[in-house]
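User: Please take a close look at the surroundings of the ligand. I am new to this structure and would welcome one connected account.

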Amino acid sequence: MDRMSDRLKHCVEQIRERTDFQPEVAVVLGSGLGEYARNMDTVCEVPYSELDGFPVSTVEGHDGRFLFGYVNQVPVVLMKGRVHYYEGYEMQEVVLPIRVMGLLGAKDLLLTNAAGGICLDFQPGDLMLITDHISTAVPSPLRGPNLDELGVRFPDMSHVYDTKLCELARNQARELDISLREGVYIQCPGPAYETPAEIRMMRTLGADAAGMSTVCEAIAARHMGMRVCGISCITNMAAGIQNQPLSHEEVQETADKVKDSFEKLVTGIVSSMRKEK
Ligand code: HPA
């Protein structure tokens, strides 16, 4: 089973042996949204470890499972936990779960993550709508033979983050009275945090927030024609901005503090996503 298309098919088949649930929206839960499932009416859970050929997260505190259910009547598949490039997986493996959710029928994808703020106007605890990304610091998930059944060899990336979904996210934030910043996300390889010089470089290149996920997932989703929306939780200011070392504990602490509004915003966006199509 070395061909990626066979591996994808095999993963989808194993899920289909357990549930015929038809998701319309896919959500990847980043740091701070680990308890999001309490907002959903769950009908089925599938741990990644029970799927042959599926990448399993090695990060402490990253529970790995698909949750199928309803958020305000919208059929959703949630990823509780994702795998990262820094864990040693190839990019094609990192995006395998996104492709599986697309093949299960999800048309829209909401990506969430924790990120370091590069834009000096940001503060830890801010939520940021991702309006565009910079992918050049990490390999492309589309490198290698093209999966023609999913999409074209040279997909357009002019509007990765869907204009309508961005508008919908802004409207939801306004209605919920949640302040929503906007900016460009850059995916860094990790696992080390960036240096101050790297962060200055990234600011010069036009990045507003740095993280270790999301961009590869957005590219794979666009490749197969899914609409994408992304929200970052700015858990810390990126390296060199504040006179303090960065730590995973700080990231988790901030993410934990904003989880209530982050959860509300996710529910707001997901509930309105399929209404407006
Ligand atoms: N850099 C990269 N990834 C991150 C950061 C950061 O500062 N904070 C949370 N994830």
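Analyst: A polar side-chain atom of Asn-236 lies 2.7 Å from a nitrogen atom of the ligand. Here a polar contact is a pair of N or O atoms within 3.5 Å; within protein, one must be able to donate a hydrogen and the other to accept it, and residues adjacent in sequence count only if both atoms are side-chain atoms. The model is a predicted one, in which local features need pLDDT of at least 70 and side-chain atom pairs count only at pLDDT 80 or more, while totals for chains, interfaces and linings use all residues. Residues are numbered from 1 along each chain as its sequence is written, and side-chain values use heavy atoms, with hydrogens and water left out.

Glu-194 also takes part: an N or O atom of its side chain is 2.8 Å from a nitrogen atom of the ligand. With Ala-114, by contrast, a polar backbone atom is involved, 3.4 Å from a ligand nitrogen atom. On its own the ligand has 260 Å² of accessible area, of which the protein covers 95%; such areas come from the Shrake-Rupley method with a 1.4 Å probe, and for residues only the protein chains shown count as cover.

Which elements give two or more residues to the shell around the ligand? They are β5 (108-117), β8 (209-211) and β9 (227-237), where strands (E, at least two residues) and helices (H or I, at least four) are DSSP runs numbered from the N terminus. The most comes from β5, which gives three residues.

The residues surrounding the ligand include Ala-115, Gly-116, Tyr-193, Met-212, Leu-246 and Val-251; a residue is near a molecule or strand if one of its heavy atoms lies within 4 Å of it.

Two backbone details complete the account. The peptide bond from Gly-190 to Pro-191 is cis, with omega near -5°, and Pro-191 lies in the loop between β7 (180-187) and α5 (196-205). Gln-73, although not a glycine, has a positive phi of about 70°; this residue is in the loop between β3 (65-71) and β4 (74-80).
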